[in-house]
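Here is a short report on a predicted model.

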Amino acid sequence: DVSPVVAGLIGATVLVVSVSVTVFVWTCCHQQAEKKHKTPPYKFIHMLKGISIYPETLSNKKKINRIRRDKNGTPKETGRGNLLVDAAESGLISSDKAPDGPNAAPHIDQLPIKVDYGDELSPDQSLTPGGSKTSSPSSPGDDVMLGELTFSVDYNFPKKALVVTIQEAHGLPVMDEHTQSSDPYIKMTILPDKRHRVKTRVLRKTLDPVFDETFTFYGIPYSQLQDLVLHFLVLSFDRFSRDDVIGEVMVPLAGVDPSTGKVQLTREILKRNIQKCISRGELQVSLSYQPVAQRMTVVVLKARHLPKMDITGLSDPYVKVNVYYGRKRIAKKKTHVKKCTLNPVFNESFIYDIPVDLLPDISIEFLVIDFDRTTKNEVVGRLILGAHSITAGGVEHWREVCENPRKPVAKWHSLSEY
């Protein structure tokens, strides 16, 4: 026989365990059902020749399969039906990392400056000040045909997905005089929000590239297609300098109806329309050089009137500071990210040891970048001070710094097209 007290405790325990298990099972089932029927607001799948190689979701997880090459550089396939792609050539890995956290150490660099650097180029440099190549006879111009781009547009109604396939390009101009060819790839952006920014892999030494890459964008209602514009930017990859822009293609979806099936289009590649009248904003920086200590102090003060980069109408800017000796980058630092603002205040300083005799060959590049968690960070504009300054204000600022040692010189500068 069991006493009433023990029986009551056993019954209460069984009841509590049963209720807990029931609640847990119901919660799991409810979460699975919500996840199954929920459409994420931003997601796309990258298909290369019918095989998914680049899925990206809200958690920013990227699946990238690498390619194996034999001694002749010929790509090989590994695995069961998976086409492996060189992540470095395809450009699917973002090179910009998030800025330093709030507990970052003081920004002080000891620069490994040597006289024998010369004009050596650094493969990892992003934008080389003064290193832009002079236009060759084969560079795109008004009298040069830039070729044609063939692509298709489709819409998946059950999944509310826009499907864009970049098929091929023909008749591209020669951008590399040494090989008499080009290394083309394509960046695609959905305007006007610029939320979806993707790019194809690089195809080496060809003027008639066949990409055959499909990008599927989920969470785009069919009713909004008429307001969107597809922007294709055709570029030629350059390992040691800034990539060459071949041209662009703008396709308003207002004139395209993919409701009945896939629509294949061929558009002529036009010379890129760089709108100089659109302001990229302004950046205020302060420079001071101590000749005795041979130390340059760079202070990123603030920016104003930056362009809107996010769907919210704001931006998450930070500044990346690159120091060059000649054409070689010798130091780089970043400020903290300023959330949701077009007029950020940074007030962050960086100290570099620079010998006096090397000062005439030093350039400092300021890149204002919009931080994005889900896609690659986008450069808003840039400023160059020093030996390779391209503006009169930049030349004057650097001259004042050199002629007034130990005196901080602060000035506003307009950001140029990147």
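Four strands make up an open, antiparallel sheet, in the order β9-β8-β11-β12. Strands here are DSSP E runs of at least two residues, helices are H or I runs of at least four, and both are numbered from the N terminus. Two strands count as paired if DSSP finds at least two bridges between them. The edges are β9 (197-199) and β12 (244-252); each has a single partner strand, so one side of each lacks a neighbour in the sheet. From one strand to the next, the twist averages 20 degrees. Angles run from 0 to 180 degrees between N-to-C directions, with axes fitted as lines to C-alpha atoms.

Strand β11 (residues 229-236) is joined to β12 by eight bridges, and the two run antiparallel. Across this pairing, His 231 faces Met 250 in β12.

**Confidence and conventions**

The model is predicted, so local features need pLDDT of at least 70 and side-chain atom pairs count only at pLDDT 80 or more, while totals for chains, interfaces and linings use all residues. Residues are numbered from 1 along each chain as its sequence is written, and side-chain values use heavy atoms, with hydrogens and water left out.

The pLDDT is the predictor's confidence in each residue, from 0 to 100. Its average over the protein chain is 75, and 69% of the residues score at least 70. Residues 39-43 stay under 50, with 21 contacts in the model beyond four places in sequence. Residues 52-143 are also below 50; this stretch has 190 contacts beyond near neighbours in sequence. A contact means heavy atoms within 4.5 Å.

**A buried serine**

Ser 152 belongs to strand β6 (residues 148-156). Its relative accessibility is 1%, so Ser 152 counts as buried. Buried means under 20% relative accessible area, exposed over 50%, and partly exposed in between (1.4 Å probe, protein chains only). Beyond four places in sequence, the contacts of Ser 152 include Val 163, Val 164, Thr 165 and Lys 262.

**Salt bridges**

A salt bridge requires a side-chain nitrogen of Lys or Arg within 4 Å of a carboxyl oxygen of Asp or Glu. The count by this rule is eight. Three of them are tabulated here.

| Pair | N to O distance |
|---|---|
| Arg 201 – Glu 213 | 2.6 Å |
| Arg 399 – Glu 396 | 2.4 Å |
| Glu 400 – Lys 411 | 3.4 Å |

Helix α3 (residues 392-403) holds both Arg 399 and Glu 396, three residues apart, about one turn of the helix. Arg 399 is partly exposed at 37%. Glu 396 is partly exposed too, at 31%. Glu 400 in α3 pairs with Lys 411 in strand β21 (residues 409-414), eleven residues away. Lys 411 is partly exposed, at 25% relative accessible area. Shared partners join Glu 396, Arg 399 and Glu 403 into one salt-bridge network.

**Nonpolar cores**

A nonpolar core is a set of buried Ala, Val, Leu, Ile, Met, Phe, Trp, Tyr and Cys residues joined through side-chain atoms within 4.5 Å. The largest has 33 residues; Leu 283, Met 296, Ile 364 and Phe 366 have the most contacts inside it. Elements giving two or more residues to this core include β14 (282-290), β19 (362-370) and α3. Phe 366 touches, among others, Leu 283, Val 298, Lys 320 and Leu 385. Another core lies apart from it, with 32 residues, among them Leu 149, Ile 186, Leu 225 and Ile 269.
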